[in-house]
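Have the viewer open and hop along as we go.

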Amino acid sequence: MGWRRVMTVGVMAAVMAVSAAVPAAADEPPVDTTAPLVTATGLAEGQIVGRTQQLRPTLSDDTGVVKVEVLIDEAVSRTYAPVPVSGLVVLALPAARDGADVEVTVRAFDAAGNSGSATTRVHVDTTAPQVSFSPPFESFVGGIVNVQVSEVPDLAKVVYYDHATGKAVASASAAPWILTWDTTGLPTGGRWGHFEVFDRAGNARLYYGFYAVDNTKPVIAVTFPAVGGRVAGTSILQASVTDQSPVSRVEWWVNGTLQASGPSYAWDTRGRNETAQLEVRAHDEAGNTASLDRTVTLDNAGPAVTAITPANRALVRGATVRTTVQTADASGIREARLEGVSSDTTAPYAVTAATGRDGQRKLCWSVTDRLGNTSRSCRLVIVDNTKPSLKVTEAPRNGAKVRGTVTVTASAHDRNGISRVELLMNGNVIAKDTKAGYAFRIKISKYSKKIKMRVRVYDKAGNAFTSATRTWHR
């Protein structure tokens with residue numbers, strides 16, 4: 001044991017002697033052999049990366065990192081010396097690597113030339129997302145607009161900017177990818193804007209265009225076929241709609257039930273006489289809706305005929321007969337026609353017709369209202385243009401001298417009846433008798449020395465016959 005201690009002491013003495021013989025360099029820096037440490041590249045394994053993006057790698061070194069390289073599949077892509085103060089570096093991937101997996105390496109160097117690195121395998125996506133929108137640009141929109149974006153697998157965010165305000169007015173960052181844009185209160189007209197579409201790799205695409213904003217409701221007018229608010233039979237109603245936007249749909253509702261769609265409606269009301277509630281709804285392409293309500297009268301009844309002249313079975317004479325009809329209808333009268341003759345369109349409705357031969361003549365009126373409903377009413381008249389027969393059965397003969405009181409009697413006949421018999425003295429009617437056995441008593445002293453006497457008969461049609469004149473002397 002004593003030897004080993006001696007030997008140890010001796011060796012130590014020899015080493016110290018040698019060290020003392022070689023002088024030390026006081027200004028020589030210490031040697032740096034410690035490499036920088038890269039603990040993270042700023043990427044995740046399998047991450048989808050776009051064409052260009054910023055990385056913040058995690059670096060450390062005992063003396064400090066002076067240079068950083070970014071490598072793609074071991075080839076240097078970018079070099080940073082000195083290292084940016086922000087700590088950010090750029091990864092720029094060529095479009096030719098789209099769809100490929102690559103290794104991204106971040107290599108750090110210190111002043112002594114020591115280096116350290118870290119590598120992450122990522123998937124390259126340099127294609128900007130391509131989507132479509134519904135409604136597309138140049139569509140008419142209004143109110144609360146929901147813009148549906150067609151989804152792509154790696155979609156990350158969509159933002160819509162209004163160019164008039166410069167602000168983002170709608171966005172979506174998750175399925176179902178609907179952007180809700182409130183256009184309420186915006187003025188009518190074209191509204192320019194653009195969509196910014198981002199995918200998960202950070203690629204972006206811009207879509208520019210305009211929407212036609214319309215928050216004004218359509219204006220509706222309904223045209224009835226003949227009379228406003230009244231219909232008959234199968235009536236074609238027309239809707240006139242004016243709007244800032246194209247009209248997308250017109251609906252016809254009756255008593256709360258949808259009946260038809262389109263600018264016109266063939267309404268079958270046959271056999272019905274009642275009121276119905278009609279509603280017309282108009283929708284424009286901007287999503288605005290308007291409605292028009294009307295209470296409509298269904299009128300399938302013909303006009304009421306209240307009187308016709310001549311009366312039924314009336315006696316008429318002459319070559320023509322004037323006939324009239326009195327009628328009324330809430331829908332108004334279009335025409336009153338005497339069948340086989342002519343018509344009248346203005347009250348009082350009257351037509352002159354030929355009587356024809358003696359006998360019965362049928363006069364039929366067809367009255368039509370403005371909706372086309374017709375009523376028919378007939379009258380039978382008796383045409384009599386034949387004079388009645390007359391015979392003076394008792395009277396002084398022609399040329400006789402008369403005095404005192406004279407009696408004149410006559411008999412008369414007509415197939416339609418006698419109206420009256422008249423006695424004429426010197427051209428004046430002095431007496432009338434309406435009952436058969438027609439008789440007159442004449443006081444001669446009332447007249448001049450020369451007296452002319454005649455007897456005249458009228459039938460019930462107004463035809464007349466006068467006897468020959470008898471001249472008497474006092």
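Is Arg 313 buried, partly exposed or exposed? Arg 313 comes out as partly exposed, because its relative accessible area is 48%. Keep in mind that this is a predicted model. Below are some spots to look at, grouped by topic.

**The disulfide**

- The count of disulfides here comes to one.
- Cys 364 and Cys 378 are the partners, with their sulfur atoms 2.0 Å apart.
- That pair ties together distant parts of the chain, 14 residues apart: Cys 364 belongs to strand S32 (residues 359-369), and Cys 378 to strand S33 (residues 374-383).
- The torsion about the S-S bond is about 110 degrees, so this disulfide is right-handed.
- As for solvent, Cys 364 is buried at 7% relative accessibility, whereas Cys 378 is partly exposed at 24%.

- Asp 384 is buried, yet it has no salt bridge.
- What the Asp 384 side chain does have is a polar contact with the side chain of Asn 416, at 2.9 Å.
- Setting aside neighbours within four places in sequence, Asp 384 is in contact with a list of residues including Val 316, Arg 317, Asp 358, Asp 414 and Asp 459.

**A five-strand open sheet**

- Five strands line up in the order S2-S9-S8-S5-S6, making an open sheet with mixed pairing.
- The edges are strand S2 (48-49) and strand S6 (75-80); each has a single partner strand, so one side of each is left without a neighbour in the sheet.
- Strand S5 (residues 65-72) and S6 run antiparallel and are joined by five bridges.

**Cis peptide bonds**

- Ala 81 and Pro 82 are joined by a cis peptide bond, with omega at about 5 degrees.
- Pro 82 sits in the loop between S6 and strand S7 (89-92).
- Thr 309 and Pro 310 are also joined by a cis peptide bond, with omega at about -5 degrees.
- Pro 310 lies in the loop between strand S26 (304-309) and strand S27 (315-316).

- Arg 313, the residue we opened with, is in the loop between S26 and S27.
- Phi of Arg 313 is positive, about 65 degrees, although Arg 313 is not a glycine.
- Asn 255 has a positive phi too, near 50 degrees, and is likewise a residue other than glycine.
- Look for Asn 255 in the loop between strand S21 (247-254) and strand S22 (257-261), where it counts as partly exposed at 48% relative accessibility.

**Tyr 161 and its neighbours**

- Tyr 161 is part of strand S13 (residues 155-162) and is partly exposed, with a relative accessible area of 23%.
- Tyr 161 and Gly 193 are 32 residues apart along the chain, but their C-alpha atoms are separated by 5.4 Å.
- Not counting residues up to four places away in sequence, Tyr 161 touches several others, among them Lys 167, Trp 192, His 194 and Glu 196.

Definitions and conventions. Residues are numbered from 1 along each chain as its sequence is written. This is a predicted model: local features need pLDDT of at least 70, side-chain atom pairs count only at pLDDT 80 or more; totals for chains, interfaces and linings use all residues. Side-chain values use heavy atoms; hydrogens and water are left out. Helices (H or I, at least four residues) and strands (E, at least two) are DSSP runs, numbered from the N terminus. Buried means under 20% relative accessible area, exposed over 50%, partly exposed in between (1.4 Å probe, protein chains only). Contact means heavy atoms within 4.5 Å. A disulfide is a pair of cysteine sulfur atoms within 2.5 Å. Two strands pair if DSSP finds at least two bridges between them. Lys and Arg count as positive and Asp and Glu as negative; His and the chain ends are not counted. A salt bridge is a side-chain nitrogen of Lys or Arg within 4 Å of a carboxyl oxygen of Asp or Glu. A polar contact is a pair of N or O atoms within 3.5 Å; within protein, one must be able to donate a hydrogen and the other to accept it, and residues adjacent in sequence count only if both atoms are side-chain atoms.
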